Amino acid sequence: MVDKKVSREIRKQIKRSTNSMSKELKEMVKEMVRPTNQNLREDILSDIWAANKKVVDGKWYIELSQVCDIIGGKDE
């Protein structure tokens, strides 16, 4: 049988290696997702900017329903 100390040490080493692997994976996923989030944000802002605007007292406004459609991904 495996001694309790040896067993405990094995579990510690496994936990350390899996924690470090999970940290590395999290960082990799962040790096993969970050550009997508930036592109998505730019696309949404571009679509909002392209929406039909109304000018009131020199300020531009768009309907909230248009913004909801853009964010929700509905086509016009």
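**Figure 1. Trp60 is exposed, with a relative accessible area of 52%.** The model is predicted: local features require pLDDT of at least 70, side-chain atom pairs count only at pLDDT 80 or more, and totals for chains, interfaces and linings use all residues. Residues are numbered from 1 along each chain as its sequence is written, and side-chain values use heavy atoms, with hydrogens and water left out. Trp49 also counts as exposed, at 55% relative accessibility (buried is under 20% relative accessible area, exposed over 50%, partly exposed in between; 1.4 Å probe, protein chains only). The structure holds one aromatic pair. Trp49 and Trp60 form this pair, with the ring centres 5.2 Å apart and 45° between the planes, a tilted arrangement (centres of Phe, Tyr or six-membered Trp rings within 6.5 Å; stacked under 30 degrees, edge-to-face over 60, the rest tilted).

**Figure 2. The charged end of Lys53 sits over the ring of Trp49.** The distance to the ring centre is 4.8 Å (NZ of Lys or CZ of Arg within 6 Å of the centre and within 35 degrees of the ring normal). Trp49 lies in helix α1. Trp49 is 20 residues from Val29 in sequence, and their C-alpha atoms are 30 Å apart in space.

**Figure 3. Lys54 and Glu63 meet in a salt bridge.**

**Figure 4. Asp57 occupies the loop between β1 (54–56) and β2.** Although Asp57 is not a glycine, its phi is positive, at about 50°. Most residues other than glycine have a negative phi. Asp57 counts as exposed, at 77% relative accessibility.

**Figure 5. Helix α2 (residues 64–72) has Gln66, Val67 and Ile70 as buried residues.** Viewed along the axis of α2, the buried residues fall within an arc of 100°, and therefore line one face of the helix (the arc is that of the directions from the helix axis to the C-beta atoms). Leu64 and Gly72, on the other side of α2, are exposed. Gly73 follows α2 and has a positive phi, near 85°.

**Figure 6. Val6, Ile10 and Ile14 make a nonpolar surface patch.** The patch covers about 250 Å² (Shrake-Rupley areas with a 1.4 Å probe; for residues, only the protein chains shown count as cover). Patch residues have over 30% relative accessible area and no salt bridge; like charges are joined within 9 Å, nonpolar side chains (Val, Leu, Ile, Met, Phe, Trp, Tyr) within 5 Å. Ile14 lies in helix α1 (residues 4–50) and is partly exposed, with a relative accessible area of 49%.

Key:
Salt bridge = Lys/Arg side-chain N within 4 Å of Asp/Glu carboxyl O. Helix = DSSP H or I, 4+ residues; strand = E, 2+ residues; numbered from the N terminus.
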